Amino acid sequence: MSAGFQAIGWNRKKIVYDLVLLAGVIAYIGAAIVLDWRKAPPNSAADLCGLWIRASGACAFLMLTLVLCIGPLARLSRVFLPLLYNRRHFGVLTCVVALTHFAAVLGWYIADGHPFNLFFELTKWSDYASFGTMSFKVFGLGALLIMLLLAATSHDYWLAFLTPPVWKALHMLVYLAFGLLLIHVAKGLLQDERGAWIAAYFAGSFALVAALHILAGWREAPVDKGEAARDGWIRIGPPSSIPDKRARIVAAPNGERIAIFRDGDTIGAVTNLCAHQNGPLGEGRIVDGCIVCPWHGYEYRLENGCAPPPFKEKLATYPLRLSDGMVEVEPRPLPPGTPAAIRIEHV
Amino acid sequence: MTRSHRLVHRWLWPALVIVVAGLFITALVTRPPPEPAPQEQKQ
């Protein structure tokens with residue numbers, strides 16, 4: 001939870017997550033350099049830069065592949081939710097590795113004695129006439145610029161400043177960066193590396209990410225059609241049909257989702273969108289009377305959708321009623337923080 | 001995620017797959033033939 005600006009809200013979970021990531025990156029790049037070194041020992045400073053270019057490039061591609069798998073995997077199974085908790089640090093570290101890749105490219109040009117050749121290559125405008133003549137470096141640079149923009153705006157300050165829907169839309173540019181990266185590899189590395197397995201590895205990585213996103217997206221499509229309201233109310237079912245400390249998710253006729261939670265004999269309905277990152281609140285649970293978001297642990301009181309002090313986030317709530325022993329929700333959001341929970345006598 | 005984000009996700013990925021796969025295949029199909037090994041050059 002957040003109250004005001006804080007550089008990074010470190011906790012044990014985040015430190016462990018980051019240390020594991022860092023160890024993985026060091027091990028991967030180290031192993032790649034050792035293997036490459038054995039195959040062709042470097043004879044010059046340019047060769048050394050080449051070693052780092054290949055190792056860091058492969059590492060950044062793998063990292064981006066993994067980062068992009070986390071989201072849909074967490075949608076498909078709760079087992080992967082812990083990976084989502086600190087995904088932004090994973091993304092920022094990916095950008096740092098990609099930056100070292102770019103720095104090594106600059107180092108290679110300097111060691112080769114032609115420090116401005118990269119600039120000349122990228123500004124040879126006639127090459128942009130067709131895809132075939134475009135330099136592979138343009139695609140890599142495009143991906144790097146997107147990753148830099150996303151890393152720079154990854155902090156909660158920007159999330160609050162831009163609002164979650166705009167921030168989320170901006171950060172969807174990472175998919176474009178991934179596509180650009182694949183073209184960068186196809187027009188660069190794969191022009192010389194002719195082995196079928198290496199092309200299959202890169203294409204397969206992209207296919208895996210795409211398949212997971214498409215699968216997660218289409219699996220949820222039926223829910224978005226929305227429930228039909230009768231007399232302006234959506235019937236949920238008897239109170240016992242809502243698991244204790246958990247929620248049932250229904251979609252309003254406009255497709256936006258509502259989470260109906262039950263905490264013993266109290267039932268409350270709030271928007272399914274967490275005020276932090278629009279995480280799926282309805283997949284969270286109730287702890288000590290508060291709804292806890294499954295993504296980053298933001299908390300909201302069930303009765304009014306307000307975060308407990310000193311936090312100030314508020315959720316839109318929805319009117320509820322009990323009709324013929326059935327819980328019904330009116331799919332018309334109330335102003336955020338409006339008390340709307342109801343008490344029932346028998347569950 | 002809001003409904004519009006989910007909707008964009010649902011349509012963006014198939015479109016991205018088509019475009020990226022097309023460019024990926026083009027890049028591989030149009031790559032120049034490999035340079036002959038030094039031994040072959042002598043012959």
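This is a predicted model: local features need pLDDT of at least 70, side-chain atom pairs count only at pLDDT 80 or more; totals for chains, interfaces and linings use all residues.
With 9 C-beta neighbours inside 10 Å, D288(A) counts as exposed. The cut-off for that label is 12 or fewer. D288(A) sits in the loop between β5 and β6 (290-292) of chain A. Its backbone stands out too. Phi of D288(A) is near 50°, a positive value in a residue that is not glycine.

N278(A) is not a glycine either, yet its phi is positive, at about 60°. Look for N278(A) in the loop between β4 (266-271) and β5 (285-287) of chain A. Is N278(A) buried or exposed? It counts as buried, because 21 C-beta neighbours lie inside 10 Å and the label needs 20 or more. D288(A), by contrast, counts as exposed.

Another loop holds a backbone feature of another kind. P309(A) and P310(A) are joined by a cis peptide bond. Omega there is about 10°. P310(A) belongs to the loop between β7 (299-301) and β8 (317-318) of chain A.

Now step back to the whole of chain A. It has eleven helices and eleven strands. Along the principal axes, its C-alpha atoms fill a box of roughly 80 × 40 × 35 Å. The chain counts 347 residues, and 34% of them are buried. What share of the contacts with a separation of 6 or more joins residues 24 or more positions apart? In chain A, the share is 57%.

Chain A is divided into two parts. Domain 1 covers 12-219, and domain 2 covers 234-343. Their C-alpha centres lie 39 Å apart. The domains do touch: the contact takes seven residues from domain 1 and five residues from domain 2. On the domain 1 side, the elements that give two or more residues are α3 (81-85) and α8 (164-171) of chain A. That side divides into six nonpolar residues, no polar ones and one charged. N278(A) lies between β4 (266-271) and β5 (285-287), and domain 2 runs over 234-343.

Next, find a pair of helices in chain A. Helix α1 (residues 12-39) packs against helix α4 (residues 87-111) at an angle of about 30°. Their axes are 10 Å apart. Angles under 35 degrees count as roughly parallel, so α1(A) is roughly parallel to α4(A). The crossing of α1(A) past α4(A) is right-handed. Which residues make the contact? From α1(A) come K14(A), Y17(A), D18(A), L21(A) and V25(A). From α4(A) come H89(A), F90(A), L93(A) and V97(A). The residues of this contact divide into six nonpolar, one polar and two charged.

How many residues of chain B are in contact with chain A? There are 22, and they meet 29 residues of chain A. The side of chain B that touches chain A divides into 13 nonpolar residues, five polar and four charged.

Terms used: Residues are numbered from 1 along each chain as its sequence is written. Chains are lettered from A and ligands numbered from 1 in the order in which they are written. Helices (H or I, at least four residues) and strands (E, at least two) are DSSP runs, numbered from the N terminus. Two residues are in contact if their C-beta atoms, placed from the backbone, lie within 7 Å. Ala, Val, Leu, Ile, Met, Phe, Trp, Tyr, Cys and Pro count as nonpolar, Asp, Glu, Lys and Arg as charged, and the others, Gly among them, as polar. Axes are lines fitted to C-alpha atoms, for helices over the stretch in contact, and angles run from 0 to 180 degrees between N-to-C directions. Angles under 35 degrees count as roughly parallel, over 145 as roughly antiparallel, 65 to 115 as roughly perpendicular and the rest as oblique. A crossing is left-handed if the near helix is turned anticlockwise from the far one by less than a right angle, and right-handed if clockwise. Domain bounds come from an automatic or database domain assignment.
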